[in-house]
Amino acid sequence: MDIAKVIRENRKKKNLTQEQLAELVGVSTSAVSKWESSASLPDLLLIAPIARALSITADELLGFQDELSDEEVTALEQECAEIFRRNGYDAGREKCEALLLEYPNMMYLRFRVAALYQRFLLTIPEHTDARIKQEFDRIYELMQQVYDSGEPRLHAAAAQALASHELMCGALDRAEALLSELPQPEAAPDELYPLLYLKKGERERAVLLLEQLVLRAGMQTIRALHLLSSTAMQDGDSKRALACGQASAALVDALDLQEVTSTMQLLTLLNQYGTKEEAEKTAADYLDRLAVLDYDYSGHPFLCHLAAQPKPEQLPAVKKTLLEGFERAAEYAALREAPSVRASLERLRTVLQPSSTSKNDIA
């Protein structure tokens, strides 16, 4: 809001004429008229008298604000995301940090900035362990500030993010304490809402909720199978580990999910406990799945109303990171020499070239 509009609107709220405001401030009526038409600006020495006459603060008169609506935060988030996309991670981060300085008490802005950093993390040019750690530390510093603020609507989400961080760092007691703060609902109405909307005739809303429920339940089951498989491996139970890995991969296929970690885990298991042919086939399958990964469910047979899950700017960085991991892994050295795997590697490298971003390129 510009100063001309602030003066005009607040003068009218006070039921003052331009002449009356001019008299209160000690200037001519024409001066007030010029302020309100943006023909001129008040002298700095007049800011305090004008603010007193209008019963507002100097910050309000000058358009400064320390609070933002959710809509304003969303607009700023979109603006920053565009800077990340067009000008790179460092430029986006600089803009975000400037906003945090401008609005130091806006916890929702801090929460959304932390999400932006995590969203664009893999686009950092110098993708070193030290730089990634630096950015993760900043993300969780922001989350800690949100958590410490005690803002009710953000507290649980911040606690969950911090618990995840503490688990990764091995601070198990701290992670458990944070998790204990999360609400434990006695009822889960997820299945009732779709029924409600169907009975109300809101079919589109019901279908979207049901698709979200299928995706969420599927991904939760897959993650649980991953952990069961890892636990079995630690216990030396290769048969159980392999069974969990195969079940996870089968579920991804059954639900036609945009997900590659199940195939990656199955590859690890087959490379240790399976046959050479099984490992080669799974390695080629993993690389081909990675090449076409786009998180777009618009053509899905029964999840077609879901929006793309992560933001598209992450995909090239995610694919590049996973490809580099496969190429560097010593345990996959023999697999990389297999003709089918070499062909899949070449297709993935082609997709990652700047001019080749469509999954049609590997058809």
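Contact here means heavy atoms within 4.5 Å, and the legends below use the word in that sense for a model that is predicted.

**Figure 1. Helix H4 and the helices that its buried residues pack against.** Helix H4 covers residues 47–54, and because 6 of its 8 residues are buried, helix H4 is largely enclosed by the rest of the structure. The buried residues of H4 are Ile47, Pro49, Ile50, Ala51, Ala53 and Leu54, and their packing partners are helix H1 (3–13), helix H2 (18–25), helix H3 (29–36) and helix H5 (58–61). Just after H4 comes serine 55, which takes a positive phi of about 60°.

**Figure 2. The packing of helix H16 with helix H19.** On the H16 side, Glu280, Ala283, Ala284, Leu287, Asp288, Leu290 and Ala291 take part, and they meet Ser340, Val341, Ser344, Leu345, Arg347, Leu348 and Val351 of H19. Sorted by class, this contact of H16 with H19 has 9 nonpolar, 2 polar and 3 charged residues. As a guide to reading such a view, an α-helix has 3.6 residues a turn, so residues three or four places apart point the same way.

**Figure 3. Arginine 138 in helix H9.** Helix H9 spans residues 129–149 and holds arginine 138, whose relative accessible area is 13%, so that arginine 138 is buried, the cut-off for this being under 20%. Leaving aside residues up to four places away in sequence, arginine 138 touches Arg93, Glu97, Leu100, Arg110, Tyr117 and Gln145. Glutamine 118 is 20 residues from arginine 138 in sequence, while their C-alpha atoms are 10.0 Å apart in space.

Figure 4. The C-alpha atoms fill a box of roughly 95 × 50 × 45 Å along the principal axes, and the radius of gyration of the protein is 28 Å, whereas a compact globule of 363 residues would have one near 21 Å. Of the 363 residues, 39% count as buried, and the accessible surface comes to about 20900 Å², with 53% of that surface belonging to carbon and sulfur atoms. Among the contacts with a separation of 6 or more, 59% are made by residues 24 or more positions apart.

Note on methods
Residues numbered from 1 in each chain as written. Predicted model: local features only at pLDDT ≥ 70, side-chain atom pairs only at ≥ 80, totals over all residues. Heavy atoms only, no water. Buried < 20%, exposed > 50% of the residue type's maximum accessible area, 1.4 Å probe, protein only. Helix = DSSP H or I, 4+ residues; strand = E, 2+ residues; numbered from the N terminus. Axes fitted to C-alpha atoms, helices over the stretch in contact; angles between N-to-C directions. Nonpolar A, V, L, I, M, F, W, Y, C, P; charged D, E, K, R; others polar. Rg over C-alpha atoms; globule rule 2.2 N^0.38 Å. Areas by Shrake-Rupley, 256 points an atom, 1.4 Å probe, with all protein chains shown as cover.
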